[in-house]
Amino acid sequence: MNATVAMILALAVGTYAFRLVGPLLHGRVTVPARVQELASAGAVVLLVALLATGALTEGGAFAGWARPAGVLTAGLLAWRRAPFAVVVVGAAVVTAGLRAAGVG
């Protein structure tokens, strides 16, 4: 067995163990409310960071103004509770329109 297969198996076992621990410890471990609040805030921060890097960068450089404008459009449409298809198409139309206009 080579090192790559060993690492894949180790990651698979670790992932399964994390998934198994939740149901096994449910009701046995009490997590304080403050820790739950911090975990929720941490999840939001990670998602915003992922959104920012995906929307603003491409290949380690600024992606141009069209992509952030499309992401902003999608965010506004989602905030207004538009259907998912409208959110996706709206973002694509704004991004494509700006790129066609040469905004990039």
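This is a predicted model: local features need pLDDT of at least 70, side-chain atom pairs count only at pLDDT 80 or more; totals for chains, interfaces and linings use all residues.
Threonine 95 belongs to helix α4. Is this residue buried or exposed? Its relative accessibility is 15%, and buried means under 20%, so threonine 95 counts as buried. Which residues does threonine 95 touch, once its neighbours within four places in sequence are left aside? The contacts are with Ala66, Arg67 and Gly70.

Now stay in the helix and move to another residue. Helix α4 covers residues 84–100, and alanine 85 is part of it. Here the relative accessibility is 52%. Exposed means over 50%, so alanine 85 counts as exposed. Threonine 95, in contrast, is buried, although its place is also in helix α4. Along the chain, alanine 85 and alanine 12 are 73 residues apart.

Next, find the loop that joins α3, residues 66–79, to α4. Arginine 81 is located in this loop. Its relative accessible area is 76%, so arginine 81 is exposed. What is the phi of arginine 81? The angle is near 60°, a positive value in a residue that is not glycine. As a general rule, most residues other than glycine have a negative phi.

With these places in mind, step back to the whole chain. How many helices and strands does the protein have? There are four helices and two strands. Read from the N terminus, their order is α-α-β-β-α-α, with the two strands coming between two pairs of helices.

What about the overall dimensions? The C-alpha trace spans about 55 × 45 × 25 Å along its principal axes. The radius of gyration of the protein is 21 Å, whereas a compact globule of 104 residues would have one near 13 Å. Buried residues account for 11% of the 104 residues, and threonine 95 is one of the buried residues. The protein exposes about 8,300 Å², with 74% of that area supplied by carbon and sulfur atoms.

Finally, consider how parts of the chain meet. Take the contacts between residues at least 6 apart in sequence: 38% of them join residues at least 24 apart. The contacts of threonine 95 with Ala66, Arg67 and Gly70 give you a place to begin tracing such links in the model.

Methods
Residues are numbered from 1 along each chain as its sequence is written. Side-chain values use heavy atoms; hydrogens and water are left out. The radius of gyration is taken over C-alpha atoms; the globule rule is 2.2 Å times the number of residues to the power 0.38. Buried means under 20% relative accessible area, exposed over 50%, partly exposed in between (1.4 Å probe, protein chains only). Contact means heavy atoms within 4.5 Å. Accessible areas come from the Shrake-Rupley method with a 1.4 Å probe; for residues, only the protein chains shown count as cover.
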